[in-house]
Amino acid sequence: MSLLGIIGGSGLCDYKGLEITDVRDIETPFGMPSAPVRMGLLDDKPVVFLPRHGEKHSIAPHRINYRANLWALHNIGVSHVLAVAAVGGLNSDFGPGTLAVPDQIIDYTFGREQSFFNDDFSADKHIDFTYPYDAELRDLMLDAARGMNTSMMDGATYGAVQGPRLETAAEIRRMARDGCDLVGMTGMPEAYLARELGMAYATLAVVANWGAGIADGELTMQQIHDTLAEGLDKVCSVIAAVTQSL
């Protein structure tokens, strides 16, 4: 039986519309997750919700215990992970308010625990990561958006940066030259850890702002929050449709 786990990103620390049936503190071999795991019903379908940054967005991207988060979801039977992420846009196709389902990722992070097998490694732990996102789950999100007449970009390269600071204009120019379309702080190692555990994983990205130096003026957190607030209603509608189709 498929069970969808939703990882909430910036702006989605609480999932309105989720009928909570159980809340669990799950201790893992890698410590505690970002928050208690909430199990519930979304339009009568069972789902699991975990806010990536904690219940009050108090955990910085580079301090998130990604291993504990993914292990906890796997431990309670999650088979598919839909990860919501607020990102910056790096070219004209990905302006603020755009929804996108990336198909590739470039990892610029450092110092994060990248594997469940750091202390128990063997040659068979080299796991293929050619295509980091699950094709079936990506298609379900794209189909849901089409059914709602909601625009959603099919394919993008997500550049995962360390944070918590925002990037410099020069860094954004470099990432664009590398082929990145989006920039975010939480895409890795989350995607790879899901792959190690055999869970289907895909990201639903909400473009909250232009990357540094692309638009005139200073980037403010208020601008980001306002754009996210508009996009997250569409995100929740897409997730509800995916839940019915999975």
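I use "buried" for under 20% relative accessible area, "exposed" for over 50% and "partly exposed" for anything in between (1.4 Å probe, protein chains only). The model is predicted, so I note that local features need pLDDT of at least 70 and side-chain atom pairs count only at pLDDT 80 or more, while totals for chains, interfaces and linings use all residues. Residues are numbered from 1 along each chain as its sequence is written, and side-chain values use heavy atoms, with hydrogens and water left out.

Entry 1. I looked up the salt bridges (a side-chain nitrogen of Lys or Arg within 4 Å of a carboxyl oxygen of Asp or Glu). I found seven in the structure.

Entry 2. I checked Arg-38 and Glu-55, whose side chains form a salt bridge at 3.4 Å, N to O. This pair links distant parts of the chain, 17 residues apart: Arg-38 is in strand E3 (37-42), and Glu-55 is in the loop between strand E4 (45-51) and helix H1 (66-75). Helices (H or I, at least four residues) and strands (E, at least two) are DSSP runs, numbered from the N terminus. Arg-38 is buried at 9%, whereas Glu-55 is partly exposed at 48%.

Entry 3. I then took Asp-154 and Arg-138, which meet in a salt bridge at 2.8 Å, N to O. Asp-154 belongs to strand E8 (153-154) and Arg-138 to helix H2 (135-147), so the pair ties together parts 16 residues apart in sequence. Asp-154 is exposed at 52%; Arg-138 is buried at 9%.

Entry 4. I ended with Glu-171, which forms a salt bridge with Arg-165, the closest N and O atoms being 2.7 Å apart. Glu-171 has 24% relative accessibility, so I logged Glu-171 as partly exposed.
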